[in-house]
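This report goes through one chain, from single residues to the whole fold and back. The sequence and the structure come first, and the text follows.

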Amino acid sequence: MPVYVCICEAVPDTVIRSCIASGARSVEDIGDACGAGTGCGSCHDHIDVFLAAAHAPSELAGLPVSA
């Protein structure tokens, strides 16, 4: 079941991630690519979180996983 990031344009998280993987680097890039963030704007903070996670991953992501 998709998790919608942008309700106005019905854009799920999978589409946001795909846009970022294809080169989107800003909320505006995401909007141009899929329409997310072009309505009321309340999803901009959520889109920023996806962008930050993709372009500045946490140091924790590189730690080994223990059994």
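This is a predicted model: local features need pLDDT of at least 70, side-chain atom pairs count only at pLDDT 80 or more; totals for chains, interfaces and linings use all residues.

## Cysteines

Cysteine 19 is buried, its relative accessible area being 11%. A disulfide would need the two sulfur atoms within 2.5 Å. Across the whole structure, the search finds zero disulfides. Cysteine 8 is likewise in no disulfide, and its nearest cysteine sulfur, in cysteine 40, is 3.7 Å away. Cysteine 8 is partly exposed, at 45% relative accessibility.

## The chain as a whole

Three helices and two strands make up the secondary structure of the chain. Their order along the sequence is β-β-α-α-α. The chain has 67 residues, of which 28% are buried. Its accessible surface is about 4,600 Å², and carbon and sulfur atoms account for 57% of that area. Among contacts with a separation of 6 or more, 44% join residues 24 or more positions apart.

## Helix H3

Helix H3 covers residues 44-55. With 12 residues, H3 reaches 16 Å from its first C-alpha to its last, close to the 16 Å expected at 1.5 Å a residue. Its buried residues are Ile47, Phe50 and Leu51. Viewed down the axis of H3, the buried residues fall within an arc of 95 degrees, so they line one face of the helix. Asp45 and Val49 are exposed on the other side of H3. What do the buried residues of H3 pack against? They pack against strand S1 (4-6), H1 and helix H2 (27-34).

Phenylalanine 50, one of the buried residues of H3, has a relative accessible area of 18%. Leaving out residues up to four places away in sequence, phenylalanine 50 touches Val5, Asp13, Ile16, Arg17 and Ile20.

Alanine 54 is partly exposed, at 42% relative accessibility.

Aspartate 13 belongs to helix H1, which comprises residues 13-21. Is aspartate 13 buried or exposed? At 16% relative accessibility, aspartate 13 counts as buried, because buried means under 20%. Beyond residues up to four places away in sequence, aspartate 13 touches Val3, Val5 and Phe50.

Side chains of opposite charge can pair when their charged atoms come close. The structure holds one salt bridge. It joins aspartate 13 to arginine 17, with the closest N and O atoms 3.8 Å apart. The two residues are four residues apart in helix H1, so about one helical turn separates them. Arginine 17, the partner in this pair, is partly exposed, with a relative accessible area of 49%. Arginine 17 is also among the residues touched by phenylalanine 50.

## The loop between H1 and H2

Arginine 25 is placed in the loop between H1 and H2. Arginine 25 has a relative accessible area of 51% and is exposed, because exposed means over 50%. Which residues are in contact with arginine 25, apart from its neighbours within four places in sequence? They are Ile20, Leu51 and His55. Arginine 25 and leucine 51 are 26 residues apart in sequence and 6.8 Å apart in space, C-alpha to C-alpha.

## C-alpha distances

The table collects the C-alpha distances given above.

| Residue pair | Separation in sequence | C-alpha to C-alpha distance |
|---|---|---|
| Arginine 25 and leucine 51 | 26 residues | 6.8 Å |

Methods. Residues are numbered from 1 along each chain as its sequence is written. Side-chain values use heavy atoms; hydrogens and water are left out. Buried means under 20% relative accessible area, exposed over 50%, partly exposed in between (1.4 Å probe, protein chains only). Contact means heavy atoms within 4.5 Å. Accessible areas come from the Shrake-Rupley method with a 1.4 Å probe; for residues, only the protein chains shown count as cover. The expected span of a helix is 1.5 Å times one less than its number of residues. The arc is that of the directions from the helix axis to the C-beta atoms. A salt bridge is a side-chain nitrogen of Lys or Arg within 4 Å of a carboxyl oxygen of Asp or Glu.
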